[in-house]
Structures are given as C-alpha cells and as structure tokens.
2 protein chains.
Amino acid sequence: MTEFRVHRQLLEDCHYLGRTGCCHILLHRNGGLPWYIVVPETGALELDELTNDERYEVDLITDALARFLKQHQQCQRSNVAAIGNRVPQLHIHVVGRWEGDPCWPDVVWGNLPPAPARSETEVDELGRLVLAQLAE
Amino acid sequence: MTEFRVHRQLLEDCHYLGRTGCCHILLHRNGGLPWYIVVPETGALELDELTNDERYEVDLITDALARFLKQHQQCQRSNVAAIGNRVPQLHIHVVGRWEGDPCWPDVVWGNLPPAPARSETEVDELGRLVLAQLAE
C-alpha cells in the first residue's frame, strides 16, 4: 500500500497541526479567521465513498472543530464543506464565521482577503488546544 | 411545537422536490448545473447540533444525492457544504460539478452565472428519480 501523504497544496496553504484518529488536522495560513482543514487518511475522494466507520469519525472530528470555533474562538457559525475542485484529495473545510468577519457573508473560497500570518507561538498554542479538544 | 417551514429564501431560490425521512429536498432553479439542497426538519442551526440519529440520516441523504449526481447526471464530483451565512436555517448543499461546468473550478456560491430555468417536465422527472433513489 502506498504511503499516505497530505496533498502538497494543502501543506503549502496550511500549518500542519497534527493527527487525530484517521484524520490530519490543518490550519489555513490566512490569519483573518480560523479555518481548519480535515484530511482523512483514505483513498476515497469524496464523502460518499468513505466507509461507515470513516464517515462517522470524520463527522465526530468536524463537529468537534465546529464546536471549538464557537466555544473557544468567538465564532457565531461554522461553514463546513467538502469541495475538492482544485485539490482532488478528500479534505473538509471547517471555517469559523461571524458577522463582520473579513468576507462576511460571502464564502471564504475566492473571497478571503490576504491577512497577516499567525505567529509560531499562536499556531503552537492553538494546535495544542484543538488536538486536546479532539481527543476528548 | 411550532410548525416547521422551509425558509422562504430557499423556496424562492429552489424547486421543492419532496420530503424523505427527516429532510426536505430542493433543487436550485439555476439550470446551469444540478444543485440540490437538503433541509433537515430540525431546530438545529448547524450540523454539530443535530442528534446522532439526525446526523446519520442527513449523511445518508447527502451521500445518496452525491452518488445520484455521479451515476445519473454525468457529474465528476460533488461539492457538499453547510454554510448558512445568508439563510440561517440549517441546509446542506449537494452540487454536481465537472471540469468545464459553468463556474469550474470556482465554488458555485457567488460565482454561478445565470442560466435558463429547467422545464416543469424536467423538474418533475428529476424529482421523481431523485426521491426514488433516496427511498432505496
């Protein structure tokens, strides 16, 4: 079996936070809003191709991230999406949104203006908190 | 308990196809590509607020729609997303995509150009097929 690798483009666009269960957790480098990307370690290219166990675990993780955004990152909503038109590897966006955020009420894809990157300390701290929440 | 109603804006934007299980199934009026919207009959505003049973049923339905797009509507991919920045009622988009479609590779939200509406006959036929597939 070929070794699984997170797609190069996702690693370019994101900080790699770590792995939990079957999924790799990334944080988009744009610091304008909290934007996580979940990459299940699978050959499936779309949600409907996952096994029941994988689908269940992906749900648990994306739901926990959505709650993390609302409980710990002052977000009002989460936008949860599997798109994959540019990067075919299955990945699920979980994006924290609030009225007045940098591209509200538009979707982030194609609309999020450039923003300063987060500091290394901030990324480390956020990664630690997120992974702790996902491990619960 | 207040009677559940599909949000007015969704009914304006879409053809109402019918109900299956806990979900109402809509088809976006833009005929440029097949774009379904699933509205679970729930007070939850986000996927992570659904009960386990509701979440499981929503997954079954969105997965079945994604397969329908690929098996019966010549789509290469599905874009599956819960956004809700403009319409707060929980609804999940399941959009059929292919290379060269009217806004490929951009997302449909904010980018899909106007297109002729489908005929009433076409909508009826599609609704019948989709609901039969979802009932399986």
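Predicted model: local features only at pLDDT ≥ 70, side-chain atom pairs only at ≥ 80, totals over all residues.

The peptide bond joining Trp104(A) to Pro105(A) is cis, with omega about -5 degrees. In chain B, the bond from Trp104(B) to Pro105(B) is cis too, and omega there is near 0 degrees. Pro105(B) lies in the loop between β5 (92-97) and α3 of chain B. As background, most peptide bonds are trans, and most residues other than glycine have a negative phi. On the phi side, Gln74(A) is not a glycine, yet its phi is positive, about 55 degrees. Gln74(A) belongs to the loop between α2 and β4 of chain A.

Now the contact between the chains. How many residues of chain B are in contact with chain A? The count is 26 residues of chain B against 26 residues of chain A. On the chain B side, α2 (52-72) and β4 (77-82) each supply at least two residues. The largest share, six residues, comes from β4(B). Sorted by class, the chain B side has 10 nonpolar, six polar and 10 charged residues.

At this contact, strand β4 of chain A, residues 77-82, pairs with β4(B) in the antiparallel sense, over three bridges. Ala81(A) stands opposite Ala81(B) in that pairing.

How are the two copies related? Chain B superposes on chain A by a rotation of 180 degrees with 0.0 Å of shift along the axis, at an RMSD of 0.0 Å. The two copies are therefore related as by a two-fold rotation axis. Which residue of chain B comes closest to that axis? It is Ala81(B), whose C-alpha is at 2.0 Å. Both copies use the same surface, with 100% of the contact residues of chain B recurring in chain A.

Next, the sheet. It is an open sheet of 10 strands with antiparallel pairing, in the order β1(A)-β2(A)-β3(A)-β5(A)-β4(A)-β4(B)-β5(B)-β3(B)-β2(B)-β1(B). Why is one side of β1 (14-20) left without a neighbour in chain A and in chain B? Both strands stand at the edges of the sheet with a single partner strand each, so one side of each has no neighbour there. Neighbouring strands are turned against each other by 20 degrees on average, direction ignored.

Within chain A, β4(A) and strand β5, residues 92-97, pair antiparallel over six bridges. In β5(A), Val94(A) is the bridge partner of Val80(A).

Helix α2 of chain A, residues 52-72, packs on the sheet and touches β1, β2 (23-28), β3 (35-40), β4 and β5 of chain A. The direction of α2(A) makes about 170 degrees with that of β3(A). Helix α3 of chain A, residues 120-135, packs on the sheet as well, touching β1 and β2 of chain A, and its direction makes about 30 degrees with that of β1(A).

These two helices also pack on each other. The angle between α2(A) and α3(A) is about 130 degrees, and their axes are 10 Å apart. That angle makes α2(A) oblique to α3(A). The crossing of α2(A) past α3(A) is right-handed. From α2(A), the contact is made by Ile61(A), Ala64(A), Phe68(A) and His72(A), and from α3(A) by Leu129(A), Val130(A), Gln133(A) and Leu134(A). Six of these residues are nonpolar, two are polar and none is charged.

In chain B, the axes of α2(B) and α3(B) come within 10 Å and cross at roughly 125 degrees. The helices α2(B) and α3(B) are therefore oblique to each other, and their crossing is right-handed.

Strands β1(B) and β2(B), the latter residues 23-28, run antiparallel and are joined by six bridges. Thr20(B) stands opposite Cys23(B) in β2(B). The two strands form a hairpin with two residues between them, and Gly21(B) in the turn has a positive phi of about 55 degrees.

That is where I will stop.

Terms used
Residues numbered from 1 in each chain as written. Chains lettered and ligands numbered in written order. Contact = placed C-beta atoms within 7 Å. Helix = DSSP H or I, 4+ residues; strand = E, 2+ residues; numbered from the N terminus. Nonpolar A, V, L, I, M, F, W, Y, C, P; charged D, E, K, R; others polar. Pairing = 2+ DSSP bridges. Least-squares fit on C-alpha atoms with pLDDT ≥ 70 in both. Axes fitted to C-alpha atoms, helices over the stretch in contact; angles between N-to-C directions. Parallel < 35°, antiparallel > 145°, perpendicular 65-115°, else oblique. Left-handed = near helix turned anticlockwise from the far one by under 90°.
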